[in-house]
Amino acid sequence: MNSNKLAVKGFITILTGLYSFQDCIHFLASVRKFHREPIIILIDRVPLILYPLLQVFGNVILKPAPSHENPVLASRLAKLALYRESLFEKTIYMDCDICLLSPIDEVFDFLDGVDLLVTEDVQPAIAKAANLLRVKQDILSTLQSVGLPLNENSIQYNGGFIAFTKSSKTQELFTNFKKYFEIVVAHQNVLLLKDQGAFAAAVASVKPKMTTLSPVYNYLDKWKEMYAIDKPIKVMHCTYPYRPQYAKNVTRSLFTRIVDRTAKIFLPNQLNNPWRLK
């Protein structure tokens, strides 16, 4: 496909390993229900024989993700590469366990005049982000002690939804994101293999022009008691294996039903993914 046709806007996601393959099929089905823009998949450790099942949705570009035997670490490394691998002036990144419930054309419009669009995590205060640590000790001082430039006002953003433009500021953001994530990897004795702390540190240090979107653009139904919203949900973050019925309804088709049935036989169960326990 001519890359000149991909210059304006598009989507990107990450698929590293077979554990998320079924999720990715539903992700593609939901995006294609509402959008025709190209979708890049940064892919690793998926057999070539399965690639046509992803490309059946049309205008899907498969690009190699940074390879690693640990698919969780591979997915984190791929997230660091989003800016470099995007072919678009305006990019919407979503985790592949996300399901669109309606069109989100306005998100591309929101990128006019800003570098970055994000959503807060269900626990936005970094000082309370126990999900980032392996150990039970003071959260903020631990993050600061390893070299992350965070303070009591720092915000944890949910990395499942990130929209960005091609700009020098965004490029600097992803450069710093990589630098701080290397700190996370180097301190696995105290930090979990998460990207939110490194991303928050990059935002704090670079200070891009950004807007924080409503949770309707990254709604974790599993944690619905944490939200107070009165608008229709547009982006459902399904947090495998929890996929609510209205997300299932969006992507249900003969093709996805066949994939779901065969997945039970041939694909590994993500609940038993050994890398998620490391």
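Biologist: Why is D97 called buried in this predicted model?

Modeller: The relative accessible area of D97 is 15%. Buried means under 20% relative accessible area, so D97 counts as buried.

Biologist: Where does D97 lie, and what makes its side chain a partner of H237 in a polar contact?

Modeller: D97 is in the loop that runs between β4 (90-94) and β5 (98-100). Its side chain is 3.0 Å from the side chain of H237. The limit for a pair of N or O atoms is within 3.5 Å, so the pair of D97 and H237 is counted as a polar contact.

Biologist: How do you know whether I183 is buried or exposed?

Modeller: I183 has 18% relative accessibility. The cut-off for buried is under 20%, and I183 is therefore classed as buried. This residue belongs to helix α7 (residues 168-186).

Biologist: Which residues are in contact with I183, leaving aside its neighbours within four places in sequence?

Modeller: They are V146, G147 and L148. Contact requires heavy atoms within 4.5 Å. As for G197, it is 14 residues from I183 in sequence, and their C-alpha atoms are 10 Å apart in space.

Biologist: Why is helix α3 (residues 71-80) described as largely enclosed by the rest of the structure?

Modeller: Nine of its 10 residues are buried, so the description applies to α3. The buried residues are P71, V72, L73, A74, S75, R76, A78, K79 and L80.

Biologist: Which elements do the buried residues of α3 pack against?

Modeller: They pack against the strands β1 (9-16), β2 (39-44), β4 and β7 (155-165), and against the helices α4 (82-85) and α7.

Biologist: What makes N70 a cap of α3?

Modeller: A side-chain oxygen of N70 lies 2.9 Å from the backbone nitrogen of V72, at the N-terminal end of α3.

Biologist: How do you know that the size of the chain agrees with that of a compact globule?

Modeller: For 278 residues, a compact globule would have a radius of gyration near 19 Å; the chain has 18 Å, which agrees. Along the principal axes, its C-alpha atoms fill a box of roughly 50 × 40 × 40 Å.

Biologist: How many helices and strands does the chain have, and what percentage of its residues count as buried?

Modeller: There are 10 helices and 10 strands. Of the 278 residues, 55% count as buried. Among contacts between residues at least 6 apart in sequence, 75% join residues at least 24 apart.

Methods. Residues numbered from 1 in each chain as written. Predicted model: local features only at pLDDT ≥ 70, side-chain atom pairs only at ≥ 80, totals over all residues. Heavy atoms only, no water. Helix = DSSP H or I, 4+ residues; strand = E, 2+ residues; numbered from the N terminus. Rg over C-alpha atoms; globule rule 2.2 N^0.38 Å. Buried < 20%, exposed > 50% of the residue type's maximum accessible area, 1.4 Å probe, protein only. Polar contact = N/O pair within 3.5 Å; in protein donor to acceptor, adjacent residues only side chain to side chain.
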